[in-house]
Amino acid sequence: MSIIKSEAPVAIITGAGRGLGREHALALAKAGYNLVINDLGAANDGSGSDASPAAQVVAEIEAMGQKAVVDGSDISNWQAAGQLIQKAVDTFGRLDGLVNNAGILRDRTLANMTEEDWDLSIAVNLKGTAAPMHHAAAYWRELSKTTGAPVNAAIVNTTSASGLYSGTGQANYAAAKAGVASMSIVAARELARYGVRVNVLAPAAVTRLTEGVMKTEELRQKLNPAFVAPIVVYLLSDLASDINGRVFEMGGGTVMAVDMPQPKSGLKHSNGIWTTEQLADVIPGLLDKLNTPMNPGEAMKLMMTAAEIN
Ligand SMILES: NC(=O)c1ccc[n+]([C@@H]2O[C@H](COP(=O)([O-])OP(=O)(O)OC[C@H]3O[C@@H](n4cnc5c(N)ncnc54)[C@H](O)[C@@H]3O)[C@@H](O)[C@H]2O)c1
């Protein structure tokens, strides 16, 4: 049952109490969305909870004249993620967009990593994206079947340069964020038939999560989280109705389109069976044809030196 009758589009943003999620929420409110603001209020490492950041963002959105409700649940909880989707529908009567943004860091080298470091990173960053996507997908599939028409909805999932280019010292985070990117392409293909688009964003911004490594005032000014939000508004909007299953990196005034891994070179054996020695002969030549693997630092350099446009 709908509490607020509204033709305004409705979106859910996870981890919207601070940093990038808060900016996404403010930008979407400005674009006319009513919003569900999810945030557990956890520390960078996923521990603890605090209801005040999400409540503060709801108050800011209401001051802008839009409607917003708080959801303080842990997004890695499958059932709570279902209740989050239901909350949007019960409160506003519809759901048009889902921005999976909540994330944590528990950086350790593999040799130092604890089981808890691994489990919590995978839980929040990967399962915390899969769970709301699952429930939203089921809701939109049902709606599309009932109405007999595509639903015209969109999802933006948050990956990271670390997941795309393999950040050293972040095996748990890189694995989760690479999983987010790959899972999003699967979702984009599966959900297209219901009229749901799924795209992926690797943001770069100085926030509580990154201020420990991005320390200078220059970086703080260049990498303002508010500079990333326009791509989220774009990807949820009809302006991006042809954009599905794509990966973007954005920050510091630069937007980049990112290819997922593609095969680049291959050799077929005439009788179908390679010997170990033959493989040792040909593999260096196959590798020569590949691009040098990028790392997150090089990607950041590229971001800072990309071609300029007014
Ligand atoms: N800041 C960057 O440069 C950068 C780079 C790459 C990727 N990212 C990703 O962007 C997203 C936002 O990061 P940020 O920099 O704004 O960090 P942030 O710490 O400012 O915000 C993350 C928010 O997620 C919330 N959260 C954590 N665990 C949660 C849970 N279990 N359920 C619900 N909410 C939870 C936190 O309370 C916090 O408010 C994250 O997914 C992060 O991995 C950020």
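Visitor: Is N44 buried, partly exposed or exposed?
Guide: This is a predicted model, so the figures here are computed from it. N44 lies in the loop between β2 (34-38) and α2 (52-63). Buried means under 20% relative accessible area, and exposed means over 50%. N44 has 27% relative accessibility, so the residue counts as partly exposed.

Visitor: What distance separates the C-alpha atoms of N44 and Y33?
Guide: Along the chain, N44 and Y33 are 11 residues apart.

Visitor: Which residues are closest to the ligand?
Guide: The shell around the ligand holds 30 residues. It divides into 12 nonpolar, 13 polar and 5 charged. The closest are L20, D39, N101, Y173 and T207.

Visitor: Which residue has a side-chain N or O atom 2.5 Å from an oxygen atom of the ligand?
Guide: Start with the backbone. L20 places a backbone N or O atom 2.8 Å from a ligand oxygen. I75 has a backbone N or O atom 3.0 Å from a ligand nitrogen. The side-chain atom at 2.5 Å from a ligand oxygen belongs to Y173.

Visitor: How much of the ligand's accessible area does the protein cover?
Guide: On its own, the ligand has 820 Å² of accessible area. The protein covers 97%.

Visitor: Where does the ligand sit, and which elements give two or more residues to the shell around it?
Guide: The ligand sits in the largest pocket. The elements that give two or more residues to its shell are α1 (19-30) and α6 (171-191).

Visitor: Is I104 buried or exposed?
Guide: I104 has its place in the loop between β4 (97-100) and α4 (115-147). Buried means under 20% relative accessible area. I104 is at 4%, so this residue counts as buried.

Visitor: How far apart in space are I104 and N125?
Guide: In sequence, I104 and N125 are 21 residues apart. From C-alpha to C-alpha, they are 6.7 Å apart.

Visitor: Which residue has a side chain joined to that of H269 by a polar contact?
Guide: H269 is found in the loop between β8 (254-258) and α9 (276-288). It is buried, with a relative accessible area of 13%. A polar contact of 2.8 Å joins its side chain to that of N271.

Visitor: What is the phi of N152?
Guide: Most residues other than glycine have a negative phi. N152 is found in the loop between α4 and β5 (153-158). It is partly exposed, at 44% relative accessible area. N152 is not a glycine, yet its phi is positive, at about 55°.

Visitor: Is S166 buried or exposed?
Guide: S166 is found in the loop between α5 (161-165) and α6. It is a residue other than glycine with a positive phi, near 70°. The cut-off for exposed is over 50%. At 52% relative accessibility, S166 therefore counts as exposed.

Visitor: How far apart in space are I243 and Q170?
Guide: I243 has its place in the loop between α8 (229-236) and β7 (247-251). At 22% relative accessibility, I243 counts as partly exposed. In sequence, I243 and Q170 are 73 residues apart. In space, C-alpha to C-alpha, the separation of I243 and Q170 is 30 Å.

Methods. Residues numbered from 1 in each chain as written. Predicted model: local features only at pLDDT ≥ 70, side-chain atom pairs only at ≥ 80, totals over all residues. Heavy atoms only, no water. Near = heavy atom within 4 Å. Polar contact = N/O pair within 3.5 Å; in protein donor to acceptor, adjacent residues only side chain to side chain. Areas by Shrake-Rupley, 256 points an atom, 1.4 Å probe, with all protein chains shown as cover. 1 Å grid on protein atoms, 1.4 Å probe; cavity = no way out; pocket = protein on both sides within 12 Å on 5 of 7 lines; lining within 4 Å. Sits in = over half its atoms within 2 Å of the grid points. Helix = DSSP H or I, 4+ residues; strand = E, 2+ residues; numbered from the N terminus. Nonpolar A, V, L, I, M, F, W, Y, C, P; charged D, E, K, R; others polar. Buried < 20%, exposed > 50% of the residue type's maximum accessible area, 1.4 Å probe, protein only.
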